[in-house]
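Have the sequence and the 3D view open, and look up each residue as we come to it.

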Amino acid sequence: MEDILRALRITAVITAAAVLLVTALMWGTTPSAGAGLTRVPAKTPFTKGHYYLYLQPWGGEDYWLTRWWSRYADAAVVDHKRFPSNTLISWRWPPFPPRNGVGVWGYNALSYGNYDGGAPEKPVAPVQVKNLKALNQTFAWSLSHRFGDANVLTEFYLDPPTKPVTAHKIEIGFFLHTPDHTRRFFESAPTSVGQYVDTQDRRWTVRMSGTFCMFAPEGYGDIQSGRIDMLHALRWLQVKGVVKGDEMFLGLAFGVEPVQGTGRLKVDRWQVVMK
């Protein structure tokens with residue numbers, strides 16, 4: 001009986017310590033919003049003009065142990081006047097990657113147009129790839145990840161030209177920050193598409209895993225500011241036979257896929273041109 005009571009006391013102490021640790025983590029890492037700013041929790045859309053914000057902790061929802069926590073793990077702070085620029089996105093996950101194949105806890109992202117079902121305040125009409133005349137983005141960001149990491153990913157889907165659309169045809173993503181875990185996933189992709197040189201003379205290695213076409217900068221160095229001409233990349237993918245040109249482009253996203261621990265992405269500037 002005494003052994004049972006001792007075990008119960010130990011369990012109670014461990015449980016109380018865990019609760020205190022979680023409470024401290026939530027209190028100490030929750031982003032605050034001042035005047036002119038709004039805090040946006042996970043799975044709560046925020047939109048202004050053609051832009052949209054949505055934090056999707058799909059990886060955390062895959063596990064019963066983190067399903068409850070996924071409601072509180074991610075948050076953003078938006079600037080009403082400058083949105084989508086001056087947006088802060090934070091994440092708070094266990095200090096290890098999930099075992100869901102791609103190894104991320106979710107995707108927390110700004111988007112333009114109808115990316116993956118998003119509905120911005122001002123709709124953006126879909127355009128067939130072969131009819132695109134311009135598709136580029138300019139950006140500047142910084143990452144605080146002393147106690148964790150996440151990849152910084154800008155991506156979009158191309159959908160079949162037929163309606164109703166039942167599934168994305170291809171996903172195309174550019175890694176701007178590539179943690180070790182993401183590098184291993186990228187390098188394990190079975191299909192090599194080739195070496196792409198963009199309009200800024202940056203070199204990218206391009207690989208495919210299923211229908212996910214991934215661009216990683218040569219040497220995996222961070223690209224924290226600049227411009228990406230995605231139409232130039234699409235035309236290159238057409239030459240490679242990855243893209244046909246009859247697919248529909250609906251919108252694109254820019255954000256982080258949390259890999260582990262805690263951290264914050266500050267999006268100082270993000271602007272999209274689509275014609």
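A residue counts as exposed when its relative accessible area is over 50%, as buried when that area is under 20%, and as partly exposed in between. Keep in mind that this is a predicted model.

- Asp-201 has a relative accessible area of 64%, and because the cut-off for exposed is over 50%, Asp-201 is exposed.
- You will find Asp-201 in the loop between β11 (191-197) and β12 (203-209).
- Most residues other than glycine have a negative phi, and most peptide bonds are trans.
- Asn-86 is not a glycine either, yet its phi is positive at about 60 degrees.
- Is Asn-86 buried or exposed? Its relative accessible area is 19%, and the limit for buried is under 20%, so Asn-86 is buried.
- Asn-86 sits in the loop between β4 and β5, and Pro-84 lies in the loop between β4 (74-79) and β5 (87-92).
- The peptide bond joining Phe-83 and Pro-84 is cis, with omega at about 10 degrees.

**A buried valine**

- Val-259 belongs to strand β15, which covers residues 248-274.
- With a relative accessible area of 2%, Val-259 falls under the 20% limit and is therefore buried.
- Which residues does Val-259 touch, leaving out those up to four places away in sequence? Among them are Phe-96, Pro-97, Trp-105, Asp-149, Asn-151, Pro-179 and His-181.
- Val-259 and Asp-180 are 79 residues apart along the chain, while 9.8 Å separates their C-alpha atoms.

**Aromatic rings**

- A search of the whole structure turns up 21 aromatic pairs.
- One of these pairs is edge-to-face, because the ring planes of Tyr-51 and Tyr-112 meet at 65 degrees, with the centres 5.3 Å apart.
- This pair links distant parts of the chain: Tyr-51 is in strand β3 and Tyr-112 in strand β6, 61 residues apart.
- Both partners are buried: the relative accessible area is 12% for Tyr-51 and 8% for Tyr-112.
- Trp-68 and Trp-69 also pair, with ring centres 6.2 Å apart and planes at 40 degrees, so this pair is tilted.
- Trp-68 is partly exposed at 45% relative accessibility, whereas Trp-69 is buried at 10%.
- Tyr-51 and Tyr-112 also belong to one aromatic cluster together with Phe-139, Phe-254 and Trp-270.

**The second largest pocket**

- The volume of the second largest pocket is about 290 Å³.
- How many residues line the second largest pocket? There are 15, and Tyr-54, Gln-56, Tyr-107, Tyr-115 and Asp-116 lie nearest its centre.
- Strands β3 (51-56), β6 (107-113) and β9 (148-159) each give at least two residues to the lining of this pocket.
- Sorted by class, the lining has seven nonpolar, four polar and four charged residues.

Note on methods. Residues numbered from 1 in each chain as written. Predicted model: local features only at pLDDT ≥ 70, side-chain atom pairs only at ≥ 80, totals over all residues. Heavy atoms only, no water. Helix = DSSP H or I, 4+ residues; strand = E, 2+ residues; numbered from the N terminus. Buried < 20%, exposed > 50% of the residue type's maximum accessible area, 1.4 Å probe, protein only. Contact = heavy atoms within 4.5 Å. 1 Å grid on protein atoms, 1.4 Å probe; cavity = no way out; pocket = protein on both sides within 12 Å on 5 of 7 lines; lining within 4 Å. Points joined across faces, edges and corners; volume = space filled by probe spheres on them. Nonpolar A, V, L, I, M, F, W, Y, C, P; charged D, E, K, R; others polar. Phe/Tyr/Trp six-rings, centres within 6.5 Å; stacked < 30°, edge-to-face > 60°.
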